[in-house]
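Please read it with the structure open.

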Amino acid sequence: MDPNFVQGLHDLLVQSTANDTVQLKAATAQLNQNYYKSPACIPALASIIASSPTEAVRQLAGVEMRKRVINNNGALWIEVPQDQRDQIKSQVIELTLNESSKIVRHSTARVVAAIATIEVPLGTWAQLLPFLHQTATSAQVSHREVGIYVLYTVLENIIEAFQNEMQNLFKLFEGLMNDPESEEVRITTVRCLGVIAQYIDADDKKEIQAFRGLLPGMMHIIGQCVESGNEAGARQLFDVLETLLILEIPILSNHIPSLAQFLLQCGGNSNYDTELRILALNALNWTVEYKKSKIQSNELAPVILQGLMPIACEPEPEDIDDEAPSRSALRTIDTLATQLPPSQVFPALRTLLQQYFSSSDPNSRRGAMLALGVSVEGCSEFMTPLIEHIWPFVESGLRDEDASVRKASCVAVSCLCEWLEEECAAKHATLVPMIMQLVNDPATQRSACTALDALLEIMHDSIDQYLGLIMERLAVLLDSAPLSVKAVVTGAIGSAAHASKDKFLPYFQPTMDRIKHFLLLTGEGEETELRGITMDAIGTFAEAVGKETFRPYFPDMMKQAFQGMEMGSARLRECSFLFFGVMARVFEEEFAPYLGSVVPALVASCNQPEQGQEPLSLSNSEAAAAFGTGTSPANAIVIQDGGESTRIEIEDLEADVDKMLDVNSAIAVEKEIAADTMGSLFESTKNHFLPYVEQCTLALVELLNHYYEGIRKSATESLLEIVRVFYELSGSPEWTAGMASVKAPYLDANVQQLVGHVLPALLEMYESEDNKSVVSSLCVGLGETISTVGPAFLGDHIEEISGMAIQVLEQKALCQNDPDQDEDEEAPEDQAEYDSVLISAAGDLVSALANVLGPDFAPAFARFFPLISKYYKKNRSLSDRSSAIGCLAEIISGMSNAVSQWTGPLMELFYQALADEEAEVQSNASFAAGLLVEHSDVDLSAQYLQILAQLRPLFVVAPDAPAPKFNARDNACGAVARMIVKNTAALPLDQVLPVLFGALPLQNDPLENRPVFRCIFHLFRTNPQALLPHLDHLLTVFAYVLDPSKQEQVQEETRGELIQLIGLLNKEEPAKVQAAGLTPYVPGL
């Protein structure tokens, strides 16, 4: 070896470790040009590791040697003569064993792993594993630490080469986990197991069993780290645990109860380091999310909640972005509520809430109120019947003597308003005064404004009585409050405009005058947020007051939105995109001149790199290192990229990673909104958008593979909206239901081409889609698009689309996968509310298939009927039961008389559903039973009296009854009307008509006016005498449905026939027609 070559390389490495950027760049250039292209650099670097007196140089030499060995699949290493390679292999192991510096030991260990990556698969380093085994079991503790760390780095690189050694490795690790002297050995052993776990196959029962045997020891070692305050070690081990949780093999299955208990103990011990407690609680959160079937089958939710509540009641940090055990505990309560059946979560939580609400400690009351708030999302349906028992706690919290409890109560109100709209809107008389009082209190002002915002959003007409008072108070805060409060006040005013609609007109201009200067803010942080929320609020104003009133502001506000886009803030770009969508909705085709500026910005947003436009001093390799490193923050590491080596302190690296994640998160949300806006712009501007369809479609298809589920969901929805609008603009002839139309050439060639580009991409996404919300959107969007475009949309993909629905209904889609559940094992019937949303979405897709295939859907229905009907069982959730019956009703409507062969079992199911305790289910059952009577070729007249008996209770509705009761009555009217038309003689009209007509006019479901009026017209033609006693009342019903001030009550066809009937009645009973106010509708008058 040329000593001059070695010395020159050493000197340049010394120069590279200096804190001088100029020297560093010069040294890097020379190293790359004169040294790193030659195979001689590898033995030279080994020599420097062995001889340099400087730790930083030895470490850098190790990092560089690893890269030279591994680059280009080991090309440079292979050029080194075999005898030198053998010598280096022995040398680096000895160097690693004898090195005194831990950081240098680790870099040389990675050199060993790099060499092993090339040599072991070639069979040219058979001595390595025996040597590592011997070293790891050495009597000398430092050798054991080196041996197991080298083994760890080797396993990370070439575990496949050791597949036949698994049982020996398990035996080795079992001993090393009990190392009496070295915590480092124990920790690194667990990390080795984390690597091995990723390569165990689900069929390797023996290896899974062996691994499970080591789990108690692994948990014990994590506990030791937490107890001793070893944060670096604990982070590494919690990383291993999270890896085990997300694996699709049932390694942890039987240990989930003990794991949950262990993590609760670590997270709940206030003597432990705060950071480590948060790590334990985050791991518990992952356990609930990824092992929910074991949490559910072992009924662990009550125990976990009992352990979490005291943590949730610990003091919170002032900064909303700071992590704390209390926040981690609340996050886990949220996950329990959304991932598990609410029946396992809310009863236990409710008991705890009662206990904590009654505590004299305000922290306990605050924690209970926040726990209530985070649980609403996942338990809203379950909570609905219990809401009257919940309000006293909320009202007491809003009046609490402690400001922190009052603020938490405002948070709870916000959550309740989001998920229980009707129930909260009905409490306006209590909530508005209480929240307004808290708006006046500086201690609760911001939280109260947020709660007010959420409440106003859902109040609709009820806001009228409070609007003046609310606007007067909020206007004062716009002038006097701090920036952070002004932002939530502006949002609340936007919600007031949304609820009050044209009643907001008197406040529109004064409010615009007060807030328009917020659009001139250019600072970061609170100024950016206020500017963005102001943009959102102004968009809401425009929708409330209408385009004519808003028109004078339109050009200037568009200018402000464009300026916001140019300010380098992802948040402001997001707000501008939202504003463009709203303006397009309000101004429709008048928005077209702006498309040339707006669409390129949306496409650019979708295509921008993830790191955004903010410069980051962080390369991809540094980011990867940051996520992979568990080294102590006290240490420094060297990361290299593109030939330049830079010494990076871990603390700085973590700060940069946080910065990167923040930027990525903001850009991801921006892209989500950009993708969503594309579809809504096409919907609003119609033909004007056609030149942009192709580029938007291409950008959206690219986003279907994005890592963030919100973007995939928006891209899915926009793509399908583009297809629907494109079809509607194409002038294609009306389609006919049936298989023959699947291949029929009724689709415009451009529409066909668009479908051919979009549909395969969506189906490909589904195959790897693991997020339930995205799959729900895909099912609903496909259903809507199939029903719009018709059978030709299905093309060659009918089997794939049907298969998707079958998979979801069988609960075997990828997003429903549970590694702890056997393939042939039925999924539990009691499921989380989000799971029910997915099942309902699949039902929508099946209904759409039936709608476009018509009678030809019959063969498929034989497969779908049992899959759908199993969701109607008494122990299923309201959502499952309701959507199952509703789905069957829509299928009957689509299949028409082809449903006849299933008449018996369907009717039996509908009888059960008509007797359901929930009005929502009874409503769908009435609809379904009526459609079955109408369409089936089987004569059901013998069952009419039984059907009537089950429908009769639905006609008795108290004036203050909830909306589902009125829906049920309207659908019962539709069912009776269909029965009359099908076989009038089979009903006792003298008993049925008074009840039917007494329920008119329909209040909640105007679609059922179609069968009701078909029945009325039928009776006027065939049995007018039966209607004479009811004529006066029917005329008032006619006046109601024709009243132009009401929302559209009847379709044009029905309206035309009704006006003809009024003309005929006017000849017989002109006085009565006039008394009912119907004279203006008499034809010819």
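This is a predicted model: local features need pLDDT of at least 70, side-chain atom pairs count only at pLDDT 80 or more; totals for chains, interfaces and linings use all residues.

1. Residues are numbered from 1 along each chain as its sequence is written, and side-chain values use heavy atoms, with hydrogens and water left out.

2. The chain holds 51 helices and 2 strands. Both are DSSP runs: H or I of at least four residues for helices, E of at least two for strands.

3. A compact globule of 1085 residues would have a radius of gyration near 31 Å; the chain has 35 Å, which agrees. The radius is taken over C-alpha atoms, and the globule rule is 2.2 Å times the number of residues to the power 0.38. Along the principal axes, the C-alpha atoms fill a box of roughly 120 × 70 × 65 Å.

4. Residues 169-207 are 67% helix and 0% strand, with end C-alpha atoms 11 Å apart. Residues 390-428 are 82% helix and 0% strand, and their end C-alpha atoms lie 15 Å apart.

5. How much of the chain is buried? Of its 1085 residues, 57% count as buried, meaning under 20% relative accessible area with a 1.4 Å probe, protein chains only.

6. The chain carries 74 positive and 144 negative side chains. Lys and Arg count as positive, Asp and Glu as negative; His and the chain ends are not counted.

Key
Buried means under 20% relative accessible area, exposed over 50%, partly exposed in between (1.4 Å probe, protein chains only). The place of a charge is taken as NZ of Lys, CZ of Arg, CG of Asp or CD of Glu.
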